[in-house]
Amino acid sequence: MNFYDVIFYAFAILTIVSAIGVVFSRNIVYAAFALLFAFFGVAGIYVLLAADFIAVTQILLYVGGILVLIVFGVMLTSKAYDVEVKRGVLQVVPAVVIVGAIAGTLIGVFMTTPWPISNFAPYEETARPIGALLMTQFVLPFELASVLLLVALIGAVIIARREKGTKPR
Amino acid sequence: MMTLHVGLYHFLIVSAMLFALGIYGVITRKNAIMVLMGIELILNSANINFIAFTRFGLMNLTGQVVAIFVIILAAAEAAILLAIVLNVFQQLNTVNVDEVDKLKN
């Protein structure tokens, strides 16, 4: 157990415990806050995997963007007098069976497959080579992603601004 | 092999646990926003796999680029889903996925 391992276990436990909090919390606001810590834990795991650019992107986009969106959604869809935003669960027993089967299968496959492991040193900084890849090998998916983001955001605005009772044109 | 020393397998197992928890959230939750949180957990677990294979596997930086695309798609998906949820809440006054069954009647 060196320092790297200790940090890894700390981030892994933070991530998994927060994810358990997200999934099992009875209060949707607590679940949103647990999701915040889960995202931070995943960002720490990215740092341990020498993916600095993705880690920063994760914090900026997930914590700064998606989580804020989710919290807005929570606030706009729960009634003001309903402080304890309790929401039920359904199909717990089939869910446990399915999730157990999926997790068992995944972990079994992960453990038994002889993955090819390289001995390359990790990249010292990834932003520059990622930028080069995005502009050369992945330029078509990159442009498609930009168009998709534009379409999705315009569509989201149009869907969300439709007033109650009005017919879509 | 599986040792206490952190290698590829540890990251894969963390990702598998995160994936299973996300699936559990998607299946059991009634609230549509909680379902969205489960989906975000699933996407994060997939990203951990991509980046772990970038670090340990034989695919240079491709995994990280794919992870960026996954994050972009997650952002677009969250925006669309929240717009739909807000609209459903305006129309039906609920966001529970089991109560939105207007098409049945």
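A residue counts as buried if 20 or more other C-beta atoms lie within 10 Å of its own, and as exposed if 12 or fewer do. The exercises below apply this to a predicted model.

**Exercise 1. Decide whether A:Ala38 is buried or exposed, and find what surrounds A:Ala38.**

Step 1. Apply the cut-off. A:Ala38 has 29 other C-beta atoms within 10 Å, so A:Ala38 is buried.

Step 2. List the contacts, leaving aside neighbours within four places in sequence. In chain A these are A:Thr15, A:Ser18, A:Ala19 and A:Val22, and from chain B there is B:Leu41.

Step 3. Check one pair. A:Ala38 and A:Ala19 are 19 residues apart in sequence, yet their C-alpha atoms are 5.8 Å apart.

**Exercise 2. Work out which side of helix 1 of chain A is buried, and what covers the buried residues.**

Step 1. Describe the helix. Helix 1 of chain A runs over residues 3–24, and its 22 residues reach 32 Å from first C-alpha to last, close to the 32 Å expected at 1.5 Å a residue.

Step 2. Collect the buried residues of helix 1 of chain A: A:Phe8, A:Phe11, A:Ala12, A:Thr15, A:Ser18, A:Ala19, A:Val22 and A:Val23.

Step 3. Look at their directions around the axis. They cover an arc of only 140 degrees, so they lie on the same side of helix 1 of chain A.

Step 4. Turn to the other side of this helix, where A:Phe3, A:Val6, A:Ala10 and A:Ile13 are exposed.

Step 5. Name the cover. The buried residues of helix 1 of chain A are covered by elements including helix 2 of chain A and helices 1 and 2 of chain B.

**Exercise 3. Describe the fold of chain B and the side of chain B that touches chain A.**

Step 1. Read the elements: chain B has 3 helices and 0 strands, in the order α-α-α along the sequence.

Step 2. Compare its spread with the globule rule. The radius of gyration of chain B is 18 Å, well over the 13 Å that the rule gives for 105 residues, so chain B is more spread out than a compact globule. Its C-alpha atoms fill a box of roughly 55 × 25 × 20 Å along the principal axes.

Step 3. Note burial: 54% of the 105 residues of chain B count as buried.

Step 4. Size the contact, which takes 67 residues from chain B and 71 residues from chain A.

Step 5. Assign the chain B side to elements. Helix 1 (8–28), helix 2 (32–56) and helix 3 (62–92) of chain B each give two or more residues, and helix 3 of chain B gives the most, with 22 residues.

Step 6. Sort this side by class: 48 nonpolar, 14 polar and 5 charged residues.

Methods
Residues are numbered from 1 along each chain as its sequence is written. Chains are lettered from A and ligands numbered from 1 in the order in which they are written. This is a predicted model: local features need pLDDT of at least 70, side-chain atom pairs count only at pLDDT 80 or more; totals for chains, interfaces and linings use all residues. Helices (H or I, at least four residues) and strands (E, at least two) are DSSP runs, numbered from the N terminus. The radius of gyration is taken over C-alpha atoms; the globule rule is 2.2 Å times the number of residues to the power 0.38. Two residues are in contact if their C-beta atoms, placed from the backbone, lie within 7 Å. Ala, Val, Leu, Ile, Met, Phe, Trp, Tyr, Cys and Pro count as nonpolar, Asp, Glu, Lys and Arg as charged, and the others, Gly among them, as polar. The expected span of a helix is 1.5 Å times one less than its number of residues. The arc is that of the directions from the helix axis to the C-beta atoms.
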